[in-house]
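Here is a report on one protein model.

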Amino acid sequence: MLTKLQIINAMLQAVGDDPITDPESMYPSAISARTKLDEKDIEMQARGWWFNKDYDLTLVPSVDGEVRLPDTTLAIDLPNDLSTRYVQRGTRIYDKVGHTFKISESLRMNILQRLPLDQLPTLALVYLKAKAVHSFYVDDDGDADKSGNYLRDVNIAWTDLERENLKQKRLNANMRPSVIGISIGIRPSALTVGYNNPMYPGGKP
């Protein structure tokens, strides 16, 4: 599996810099590479993939009455009947109707999270490496021919990642209670949980 150090060194190699031995090195080019890698990592994960979405979580108010989100939260997805009232603001849920962070109920939601690099699947790391190398090289005013080669690597890695994402989504869809119920002869109406879930086609899990 690719490591943060390997990705940063690939970025440095692309612009002709020497490799480093510590991914947290304070060498100026390493700092620039690390900043670019973080930028591209957030861009990639914020799109939402099979590996960084947690479904149907219930968050309860804290002792001070606020519903707090994990620090790694990139976005939330509330059922339709809640999304008109509640939104994410920073790492807390805000009540748009009551104009307050004080929430009196537990909330069920899907959460999109930013995972650390060592928890990403290989295909995501391959894409992230290709994207970071290409972007870092372009920022360094690299020549067009070599930039085109790096861009080709990005496109190939993106295609592979998208293909896996679609495959995983199909697998997850087949694990929905309504689908499983149909396969074993249970009427779908007996399996609904009583609230809309916009992550599923049709709004029901």
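Which residues form one aromatic cluster? They are Trp49, Trp50, Phe51, Tyr127 and Trp158.

The model is predicted: local features need pLDDT of at least 70, side-chain atom pairs count only at pLDDT 80 or more, and totals for chains, interfaces and linings use all residues. Residues are numbered from 1 along each chain as its sequence is written, and side-chain values use heavy atoms, with hydrogens and water left out.

**Overall layout**

The protein has six helices and five strands. Helices (H or I, at least four residues) and strands (E, at least two) are DSSP runs, numbered from the N terminus. Their order from the N terminus is α-α-β-β-α-β-β-β-α-α-α. Of 205 residues, 36% count as buried. Buried means under 20% relative accessible area, exposed over 50%, and partly exposed in between (1.4 Å probe, protein chains only). Contacts here are heavy atoms within 4.5 Å. Among contacts with a separation of 6 or more, 63% join residues 24 or more positions apart.

**Cores**

A nonpolar core is a set of buried Ala, Val, Leu, Ile, Met, Phe, Trp, Tyr and Cys residues joined through side-chain atoms within 4.5 Å. The largest one has 30 residues; Met11, Leu37, Met44, Phe51 and Leu120 touch the most other members. Helix 1, helix 2 (28-46), helix 4 (122-139) and helix 5 (144-174) each supply at least two residues of this core. Helix 4 gives the most, with nine residues. Met44 contacts Trp49, Phe51, Leu120, Ala124, Tyr127 and Leu128, leaving aside neighbours within four places in sequence.

Helix 1 spans residues 4-14. Its buried residues are Ile7, Ile8, Asn9, Ala10, Met11, Leu12 and Ala14. Just after this helix, Gly16 takes a positive phi of about 80°.

**Rings**

The whole structure holds six aromatic pairs. Rings of Phe, Tyr and Trp (its six-membered ring) pair if their centres lie within 6.5 Å; planes under 30 degrees apart count as stacked, over 60 as edge-to-face and the rest as tilted. Tyr137 and Tyr150 make an edge-to-face pair, 5.2 Å centre to centre with 70° between the planes. Tyr137 belongs to helix 4 and Tyr150 to helix 5, so the pair ties together parts that are 13 residues apart in sequence. Both tyrosines, Tyr137 and Tyr150, are buried.

Two arginines lie over ring faces. A charge sits over a ring if NZ of Lys or CZ of Arg is within 6 Å of the ring centre and within 35 degrees of the ring normal.

| Arginine | Ring | Distance from ring centre |
|---|---|---|
| Arg89 | Tyr94 | 3.7 Å |
| Arg92 | Phe101 | 3.7 Å |

**Two residues up close**

Glu66 lies in the loop between strand 1 (53-59) and strand 2. Is Glu66 buried or exposed? Glu66 is buried, because its relative accessible area is 8%. Its touching residues are Val60, Pro61, Arg92 and Phe101, not counting residues up to four places away in sequence.

Ala75 sits in strand 2 (residues 73-77). At 28% relative accessibility, Ala75 counts as partly exposed. Leaving aside neighbours within four places in sequence, Ala75 contacts Gln88, Asn110, Ile111 and Leu112. Ala75 and Arg114 are 39 residues apart in sequence, yet 9.4 Å apart in space, C-alpha to C-alpha.
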